[in-house]
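Below are some notes for a colleague who is opening this model for the first time. They go point by point and can be read beside the structure.

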Amino acid sequence: MDEQFEHSVDYELLGRYFAGEATEEERTEAEQWIAASDANQMTFAALTQIWEEASDPAAEPPVDVDRAWQSVAARTPTEELGPRRGPWLRLAAAVVVAVGLGLLAWRYLGGPGTPGMQTWAAGETPRTDTLPDGSVVTLNAGARLEFPGRFAAAERTVTLSGEAFFAVAHNPQKPFVVRAGYARVRVLGTSFSVRSAPEKVAVVVATGKVKLSAPDKAPGQAVVLEPGQRGDFDRQQARVEKTENTDANYLYWKDHRLVFRDSPLREVAAELEEVFGAQVQLRGDAIGNCPLSTTFEDLSIESILKIIAETFNLEVTQDANIYTLQGEGC
């Protein structure tokens, strides 16, 4: 019984439950554990007291073993303990102390918005920084990343709003988890991009493997992504999907590199509009079908359109933020 009791306690899960950071699925799991036995209910009651007494961040952590033992004993009917009362109570007290420490660690190091958390925010240009574990993160303009000053023992968890590229330091014993809206991205060591919007999340893998899931909005749904694959989560449809990534320029915001391989000019124009936020018009029946194969690096839209115009003997004009390519085409 002692061994079963000890192994049944998920400290991190209970920490998220008390901190109000657990997903709907995790809350159900915690409540099922609580209701599974009188022993679990007793531990939960003692744990509740520890949590309430730890509500003041300036207070000393209430993790005294004798006090925890008394708290456990006061909540457990004597007839349930039987002849093993002493050893069982000491084990329960130790568990309460361990859980209490885990909860405090979650509050000070692991929960979004709690003391000990750090925030990086990119302004009008991308920002690159290194996390405490050595992982390198590049945030796109306007993106925001929240992470603990020291990662928890079980996993490395960060919270992303916006778009970012992660080059994760390899650590098989401590998975790296990105909380992106309602989705979760879980890896051991790899490189990938995440675009986190309120209703949708997109992940593209460059190296390694990544697991994309949305446990609270799409229970049981998850996909494992390999290099060259893309995963999408749509909150409204509560669905996680995996496809091949067809956008060779998904990291333009990071490396300022555009690649086109036999791409019709109509597709090139659409890509330039998305990347630069401008309007690119094509005038001429055949222009849109002209295939372009080239790579542009660190060039402005004006320079890119000038090269395209010279390649296909076209004329390029500009009116404010509207660019027009015209001519007979290829």
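1. In which strand is the place of Val280? The model is a predicted one, and in it Val280 belongs to strand β15, which covers residues 279-283.

2. Is Val280 buried or exposed? Its relative accessible area is 8%, and the limit for a buried residue is under 20%, so Val280 counts as buried. With neighbours within four places in sequence left aside, Val280 is in contact with Ala269, Leu272, Glu273, Ile301, Leu305 and Tyr323. Ala270 is ten residues away from Val280 in sequence, and their C-alpha atoms are 7.4 Å apart in space.

3. The strand that holds Val280 is part of an open sheet of three strands, ordered β15-β18-β17, with mixed pairing. The edges are β15 and β17 (315-319); each has a single partner strand, so one side of each has no neighbour in the sheet. Direction ignored, neighbouring strands of this sheet are turned by 20° against each other on average.

4. Within that sheet, β17 and strand β18 (residues 322-326) run antiparallel and are joined by five bridges. Thr317 stands opposite Thr324 of β18. Helix α10, residues 301-311, lies across β15, β17 and β18, and runs at about 10° to β18.

5. Is Asn313 buried or exposed? The relative accessible area of Asn313 is 69%, and exposed means over 50%, so this residue is exposed.

6. His256 also deserves a look. Its phi is near 55°, which is a positive value in a residue other than glycine. His256 sits in the loop between α8 (252-255) and β14 (257-264). With a relative accessibility of 34%, His256 counts as partly exposed.

7. Another set of strands can be traced through β10. Strand β7 (residues 183-187) and strand β10 (residues 210-213) run antiparallel, with three bridges between them; Arg186 stands opposite Lys211 in β10. Four bridges join β10 to strand β11 (residues 222-225), again in an antiparallel arrangement. Here Leu212 stands opposite Val223 in β11.

8. Which residues touch the most other members of the largest nonpolar core? They are Leu145, Phe166 and Phe192, in a core of 32 residues. Strand β5 (residues 156-167) gives the largest share of this core, four residues. Apart from it lies another core, of 22 residues, including Leu265, Cys290, Leu305 and Leu325. In soluble globular proteins, nonpolar side chains tend to be buried together.

9. Beyond neighbours within four places in sequence, the contacts of Phe192 include Ala164, Phe165, Phe166 and Val168. Val185 and Val187 are also among them, as are Val203, Val204, Val205 and Val210.

10. Some totals for the protein close the note. It has ten helices and 18 strands. Of its 330 residues, 42% are buried. The protein exposes about 16,800 Å², and carbon and sulfur atoms supply 48% of that area. Among contacts between residues at least 6 apart in sequence, 47% join residues at least 24 apart.

How values were computed
Residues numbered from 1 in each chain as written. Predicted model: local features only at pLDDT ≥ 70, side-chain atom pairs only at ≥ 80, totals over all residues. Heavy atoms only, no water. Helix = DSSP H or I, 4+ residues; strand = E, 2+ residues; numbered from the N terminus. Buried < 20%, exposed > 50% of the residue type's maximum accessible area, 1.4 Å probe, protein only. Contact = heavy atoms within 4.5 Å. Areas by Shrake-Rupley, 256 points an atom, 1.4 Å probe, with all protein chains shown as cover. Pairing = 2+ DSSP bridges. Axes fitted to C-alpha atoms, helices over the stretch in contact; angles between N-to-C directions. Core = buried A, V, L, I, M, F, W, Y, C linked by side-chain atoms within 4.5 Å.
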